[in-house]
Amino acid sequence: MSTKPHILLTLLEEDPGLARTLAAEFTRLGADCSAHFWFANTDAQALSALIPEVCHPGLSAWVIAGTAASLARKDIRQGLSLAALAAQAARRKGNGSALPVVVSPSGTLQASLPQPLAGADIVARGLGARTIARIHGKNVLPACDYRLDVHALPGLGLWLEVGPARDQWDGVLLGSAPCEPDAHGVGQAGVIPERCTLHHPSRGLKLALGEKEFTAWGTENTLSPADSYFVRLTGLPETLVFGAFPKEDDADLYVLNLC
């Protein structure tokens with residue numbers, strides 16, 4: 001088994017010359033590198049190929065390179081965010097260390113990176129050396145009160161999994177914008193249930209937070225840290241809201257912006 005660091009290189013534009021140049025730079029610095037170009041369409045089918053790569057326990061770093069224009073595209077930001085969430089969930093279930101993420105833009109970014117990529121290094125020059133340094137630095141996942149995972153399944157769509165990290169939830173809710181949920185279930189963490197019993201399920205709830213309106217589904221099932229709520233979405237979400245099912249109008253929910 002190779003002891004070299006392994007780097008996944010995601011190129012947002014199809015540029016074989018740049019792929020060879022960057023791969024050669026990483027190889028010169030003693031790392032293995034695999035590369036792929038971003039997808040023509042960002043959807044569950046595309047994410048089903050990317051997520052296993054970023055979740056692989058042997059991955060040392062994820063490098064994302066592209067133009068500022070590509071990094072500003074909403075569908076690309078949504079896809080990168082969902083893959084980053086899956087990688088974070090895999091690391092929490094694994095060794096607890098954060099996956100180093102390095103973003104190398106050509107041009108000036110006009111907006112900050114979305115929340116799931118907030119810990120990424122933005123590197124314009126010296127990409128190889130900066131990536132290797134990040135691999136050997138401190139990469140610690142911050143403590144979190146919830147679990148959130150992403151399952152992109154060919155033919156079955158995009159599913160989100162949420163649940164408590166420590167304290168029990170008495171009911172659960174998940175909403176998204178602009179896409180909507182269209183199926184849900186409760187079961188053992190990590191496994192989308194084929195059958196389940198939902199206690200007082202709710203569908204089509206409308207939540208207004210700031211200027212955004214979310215469509216949410218939920219159920220009053222009790223969730224322990226070993227249980228999860230699974231929700232299928234009709235498309236890629238821009239924003240998520242989730243947490244224990246609110247008992248009052250003033251709910252304590254988590255909000256996550258993906259683009």
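Predicted model: local features only at pLDDT ≥ 70, side-chain atom pairs only at ≥ 80, totals over all residues.

Biologist: How many aromatic pairs does the structure hold, and by what is a pair of aromatic rings described?

Modeller: A pair of aromatic rings is described by the distance between the centres and the angle between the planes. The structure holds four aromatic pairs. One of them joins tryptophan 38 and phenylalanine 39, a tilted pair with 4.9 Å centre to centre and 50° between the planes. Tyrosine 146 and phenylalanine 242 form an edge-to-face pair, with 4.9 Å centre to centre and 80° between the planes.

Biologist: Which parts does the pair of tyrosine 146 and phenylalanine 242 tie together?

Modeller: Tyrosine 146 belongs to strand S6 (residues 146-153) and phenylalanine 242 to strand S13 (residues 239-244), so the pair ties together parts that are 96 residues apart in sequence. Ring pairs also link Tyr146, Phe242 and Tyr254 into a cluster.

Biologist: Is tyrosine 146 buried or exposed?

Modeller: Tyrosine 146 counts as buried because its relative accessibility is 18%, and buried means under 20%. Phenylalanine 242 is buried as well, with a relative accessible area of 0%.

Biologist: What is the strand order of the open sheet of five strands?

Modeller: Strands of a sheet pair through backbone hydrogen bonds, either parallel or antiparallel. Here the order is S2-S1-S3-S4-S5, with parallel pairing. Strand S2 (32-37) and strand S5 (121-122) are the edge strands, each pairing on one side only. Two bridges join strand S4 (residues 101-106) to S5, and valine 103 stands opposite isoleucine 122 in S5.

How values were computed:
Residues numbered from 1 in each chain as written. Heavy atoms only, no water. Phe/Tyr/Trp six-rings, centres within 6.5 Å; stacked < 30°, edge-to-face > 60°. Helix = DSSP H or I, 4+ residues; strand = E, 2+ residues; numbered from the N terminus. Buried < 20%, exposed > 50% of the residue type's maximum accessible area, 1.4 Å probe, protein only. Pairing = 2+ DSSP bridges.
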